[in-house]
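Hi,

Here is the structure I promised to pass on. Have a look at it first, and my notes follow below.

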Amino acid sequence: MSDLDLDSLAGTARGLLDGIHDRFVAGAGAPSAVAKGPDDFATAVDLELERRLVEELQEQTQIPVHGEEFGGPPVDSGTVWVLDPIDGTFNYSYGLPTAGTLLALMVDGTPVIGLTWLPLIGQRFWAVDGGPVYRDGDALPRLSTTSLSSSVVGFGAFNIDSRGRLPGAYRVQLLSDISRVSSRIRMHGSTGLDLAYTAAGTLGASIVFGHHAWDNAAGAMLVRAAGGVVTDLAGEQWTSASTSVLAAAPGVHEEVLNILAHVGDPASYTPDTRSGARR
């Protein structure tokens with residue numbers, strides 16, 4: 001990493017993300033073009049923007065790119081850009097403004113540059129390793145210690161019938177327990193927005209159930225650069241191999257971890273549990 005000029009690379013990346021602004025805005029409301037799985041799809045704009053940014057990043061920085069739609073080199077080995085051309089695709093396709101482009105530079109699986117562009121809101125967040133975090137060119141203050149009771153929490157994807165490693169019943173119980181303490185809970189449908197707003201201090205915490213580096217790396221970098229704490233839901237330090245994210249201001253992170261410990265092992269929740277009771 002000592003050979004990388006992070007400030008210069010971040011400047012190049014900002015220029016390229018600014019360059020797709022008009023196309024991103026014009027394409028809002030685009031329908032599904034490629035089905036990727038149950039309740040998951042990509043629009044034609046996703047594919048177009050990824051192709052464009054991959055070509056431009058590789059040409060201008062000589063660093064390979066791993067994109068959500070077309071893949072690329074491993075995100076945990078060497079130096080690689082990790083790109084999500086449109087985070088919050090459902091929002092984007094339905095015309096909601098909570099969608100953006102996420103870009104992180106990873107070195108052996110650790111993000112050292114993070115950029116979150118929200119063109120439909122008109123906000124841009126970025127940071128390099130060590131901070132500070134910038135929003136639209138202004139350096140933001142570092143996060144201070146605060147409490148969950150005075151914080152708004154961003155909560156991740158939710159479906160009572162969801163299965164897998166973090167089933168719906170587990171998420172219901174976690175949502176219920178956090179709601180008893182937190183000032184408010186919000187579901188924005190955009191991991192990138194939640195993590196950027198956590199770095200900015202707008203949210204006190206973000207809970208992310210997804211595991212993809214293209215969703216999480218840029219925001220994890222921003223929160224760390226802001227002085228926040230970033231782990232998985234078990235409290236282990238977040239890495240590109242982590243299967244979830246808990247990002248929060250100091251103080252809030254510890255409170256949410258305590259709630260997670262009380263909720264217990266996700267594997268003990270059956271998919272059809274409604275009240276959070278375990279079988």
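Before the first finding, one term: an axis here is a line fitted to C-alpha atoms, for helices over the stretch in contact, and angles between N-to-C directions run from 0 to 180 degrees. Please keep in mind that this is a predicted model.

Let me start with a helix pair. Helix α6 (residues 191-200) packs with helix α7 (residues 213-225) at an angle of about 5 degrees, and their axes are 8 Å apart. Angles under 35 degrees count as roughly parallel, so α6 is roughly parallel to α7. On the α6 side, the contact is made by T191, G192, L195, A196, T198 and A199, while α7 brings D215, N216, G219, A220, L222 and V223. Sorted by class, this contact has six nonpolar, five polar and one charged residues.

Next, the sheet. Seven strands form an open, mixed sheet, in the order β3-β4-β5-β6-β7-β8-β9. Its edge strands, each pairing on one side only, are β3 (65-67) and β9 (138-139). Strand β3 runs parallel to β4 (residues 79-87), joined by three bridges, and H66 stands opposite V82 in β4. Two helices to look for on the sheet are α1 and α3. Helix α1 (residues 6-19) touches β4, β5 (100-107), β6 (110-118) and β7 (123-128), and its direction makes about 25 degrees with that of β6. Helix α3 (residues 44-61) touches β3, β4 and β5, at about 155 degrees to the direction of β4.

Best wishes

Key
Residues are numbered from 1 along each chain as its sequence is written. This is a predicted model: local features need pLDDT of at least 70, side-chain atom pairs count only at pLDDT 80 or more; totals for chains, interfaces and linings use all residues. Side-chain values use heavy atoms; hydrogens and water are left out. Two strands pair if DSSP finds at least two bridges between them. Helices (H or I, at least four residues) and strands (E, at least two) are DSSP runs, numbered from the N terminus. Contact means heavy atoms within 4.5 Å. Angles under 35 degrees count as roughly parallel, over 145 as roughly antiparallel, 65 to 115 as roughly perpendicular and the rest as oblique. Ala, Val, Leu, Ile, Met, Phe, Trp, Tyr, Cys and Pro count as nonpolar, Asp, Glu, Lys and Arg as charged, and the others, Gly among them, as polar.
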